[in-house]
Amino acid sequence: MVNILFFIKRKKLLKDGTAPIYIRVTVNKVSSEFATGKSVNPSQWVAVKGRVKGNTLLNKQLNTFLDPRIDRRACLLMKSLR
């Protein structure tokens, strides 16, 4: 079973006040975390959805950036566990 979760690290804020976005992929109770290289204002992050709220162009682009990462990271992790 593969579980994928996007989350932010609120305790590791960047100099501009944004929080880095991470992805956690869990396969057969083995998990790995990866940085996405993107950051977001913590007040705009919806933890339940693992997405940025709002209708601004930047927020739409960020959510679009995160979507394909789900499949790519899961495939890479599954291949490494074989």
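**The nonpolar core and the sheet beside it**

Modeller: The largest nonpolar core holds 12 residues: Phe6, Ile8, Ala19, Ile21, Ile23, Val25, Val27, Val40, Trp45, Val52, Leu62 and Leu66. A nonpolar core is a set of buried Ala, Val, Leu, Ile, Met, Phe, Trp, Tyr and Cys residues joined through side-chain atoms within 4.5 Å. Buried means under 20% relative accessible area, exposed means over 50%, and partly exposed lies in between, with a 1.4 Å probe and protein chains only. S1, S2 and helix H1 (57-81) are the elements that give two or more residues to this core, and S2 supplies the largest share, 5 residues. Helices (H or I, at least four residues) and strands (E, at least two) are DSSP runs, numbered from the N terminus. In soluble globular proteins, nonpolar side chains tend to be buried together.

Some ground rules come next. This is a predicted model, in which local features need pLDDT of at least 70 and side-chain atom pairs count only at pLDDT 80 or more, while totals for chains, interfaces and linings use all residues. Residues are numbered from 1 along each chain as its sequence is written, and side-chain values use heavy atoms, with hydrogens and water left out.

For context, the protein chain has 1 helix and 5 strands, and along the sequence they follow the pattern β-β-β-β-β-α. Of the 82 residues in the chain, 30% are buried.

Now to the sheet. Three of the strands, in the order S1-S2-S3, form an open sheet with antiparallel pairing; two strands pair if DSSP finds at least two bridges between them. Strand S1 (2-8) and strand S3 (30-40) are the edge strands, each pairing on one side only. On average, neighbouring strands of this sheet are turned by 20° against each other, direction ignored. For such angles, axes are lines fitted to C-alpha atoms (for helices, over the stretch in contact), and the angles run from 0 to 180 degrees between N-to-C directions.

S2 deserves a look of its own. S2 is largely enclosed by the rest of the structure, because 7 of its 9 residues are buried. S1 and S2 run antiparallel and are joined by 7 bridges, and here Ile4 stands opposite Val25 in S2. S2 and S3 make a hairpin with 2 residues between them, and Asn28 in the turn has a positive phi of about 50°.

Contact means heavy atoms within 4.5 Å. Not counting residues up to four places away in sequence, Ile8 touches Ala19, Pro20, Ile21, Val40, Pro42 and Trp45. Under that same exclusion, Thr36 touches Phe6, Ile21, Tyr22, Ile23, Phe65 and Leu66. Thr36 lies in strand S3 and counts as buried because its relative accessibility is 15%. The Thr36 side chain also reaches the backbone oxygen of Ile21 at 2.8 Å, and a polar atom of that side chain lies 3.2 Å from the backbone nitrogen of Lys38. A polar contact is a pair of N or O atoms within 3.5 Å; within protein, one must be able to donate a hydrogen and the other to accept it, and residues adjacent in sequence count only if both atoms are side-chain atoms.

Charged residues are the last topic. A salt bridge is a side-chain nitrogen of Lys or Arg within 4 Å of a carboxyl oxygen of Asp or Glu, and this rule gives a count of 2. In one of them, Lys9 pairs with Glu33, with the closest N and O atoms 3.6 Å apart. This pair links distant parts of the chain: Lys9 is in the loop between S1 and S2, Glu33 is in strand S3, and they are 24 residues apart. The side chains of Glu33 and Arg24 also meet in a salt bridge, at 2.8 Å from N to O. Through shared partners, Lys9, Arg24 and Glu33 are joined into one network. Lys9 is partly exposed at 23% relative accessibility, Arg24 is partly exposed at 27%, and Glu33 is partly exposed at 39%.
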